[in-house]
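Colleague: I would like a close look at a single part of this structure. Please keep it brisk and take it pair by pair.

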Amino acid sequence: ETVYPMGRRLNAICPSNGECISGIKDLASRNDVTIERIEEGIPTLEDIFLIKVMKDSGGVNQQALEDFFKTPGGDSSKGSSEDLMIEVKNLYKRFGKFIAVNDVSFFVKRGEIFGFLGPNGAGKTTTIKMLCGLFPPSSGSGKIGSFNLMKEQHSIKKSIGYMSQKFSLYRDLTVGENIELYAGIYGVEARDLEIRKELILKIADLEGKGDVITDSLPMGIKQRLALGCAIIHKPGVIFLDEPTSGVDPIARRMFWEIIFFLSRRMHITILVTTHYMDEAEHCHRLGLLYRGRIIARGSPAELCLNMKLGQLLEIPVRDPLAALPFVAALPENIQTSIFGDRLHALVWDADKGQRAVSQALHPHDLITGPIQHIPISLEDLFMLFIEMEEE
């Protein structure tokens, strides 16, 4: 019924699991596609909401995106998937005695989506502004495309696309004036502007509305317009700083469809900062940023699989606040958090942990259902890494 990408996998929501799985296998076989594995799960509330409201939606105008990148100029799709488009080593940013970015190193290959995940104040925006040439680094080294991060900041600014959480649009200008302004900033040739402008209007679902004042647009449309302005010069690298902040789930899902297209079809390199855990799963690889440092890095699957500290239990309870101290005091417990009417307890061993939790809570009549061993989510993982840093 609904299929959407989630990082390196596809999520398919169907009315019947058995028929859906057999249909997916048959389709993959006919198209010579290899499926690594199929796992059954429960749709999220967001999935259910989007199924109902997006059923009749036309989705993203992929043809307009295709046509946009066929226009003359730009070299976003040229090169090998092994090319390092972003390479950063030992990056620091100091404001007086305060170290906002502390010894950050990472790389991003052509066509990858790399995510910076972290709480507010972690240093995500400061890092991305240095990489865009907006802040001079205090020390370190790096390259963005072929340009030296320390010496060629002006060239970097002209060669990359950048979109901030405020969408970088001028609210009092018309839609068309915003597009023309960015075309001028990025040096788009006049002969290329008109066709690119028309295609950006189609991508943003604003065809024939170039004279509309930008401030009057819905947030989701502003978001796509801002992205169109950021890529008007067809850059090979795009920086997105919390780009879905403040938009609704429908706009977020459609925005990520565009990001997947840019990455997979156009081989554009994308660095995105976010604090949404579900968005982090869309990225090929992640850097978990906390207090200016990368405290973990890898693909979402690698971060979860390589976590050797324990196994996660989900415990349905009558009163989470009352149950929390009993579970937290167990020798088997590593970390316990409240998730709605349930506790998530990270324990050294799932079987021993289940028995210990049951023995601790049953005398107080706090358990309301079976205790289950569940996969560690990115949110659980991130909170665990932060607690480890605090110790």
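Which residues do ring pairs link into a cluster?

Modeller: This is a predicted model. Ring pairs link F106, F114 and F116 into a cluster. Start with the count: there are seven aromatic pairs. One of them joins F106 and F116. F106 and F116 are both buried.

Next comes the pair of F114 and F116. Here the centres are 5.7 Å apart, with 85 degrees between the planes. This pair, too, is edge-to-face. F114 is buried, as is F116.

For context, turn to helix 4. The helix spans residues 124-131, and six of its eight residues are buried, so it is largely enclosed by the rest of the structure. The buried ones are K124, T126, T127, I128, M130 and L131. Just after helix 4, G133 has a positive phi of about 85 degrees.

A contrast lies at the surface. There, V33, I35 and I38 form a nonpolar patch with about 220 Å² of accessible area together. V33 belongs to the loop between helix 1 (17-30) and helix 2 (45-53).

Note on methods: Residues numbered from 1 in each chain as written. Predicted model: local features only at pLDDT ≥ 70, side-chain atom pairs only at ≥ 80, totals over all residues. Heavy atoms only, no water. Patch = residues over 30% accessible without salt bridge, like charges linked within 9 Å, V, L, I, M, F, W, Y side chains within 5 Å. Areas by Shrake-Rupley, 256 points an atom, 1.4 Å probe, with all protein chains shown as cover. Salt bridge = Lys/Arg side-chain N within 4 Å of Asp/Glu carboxyl O. Helix = DSSP H or I, 4+ residues; strand = E, 2+ residues; numbered from the N terminus. Buried < 20%, exposed > 50% of the residue type's maximum accessible area, 1.4 Å probe, protein only. Phe/Tyr/Trp six-rings, centres within 6.5 Å; stacked < 30°, edge-to-face > 60°.
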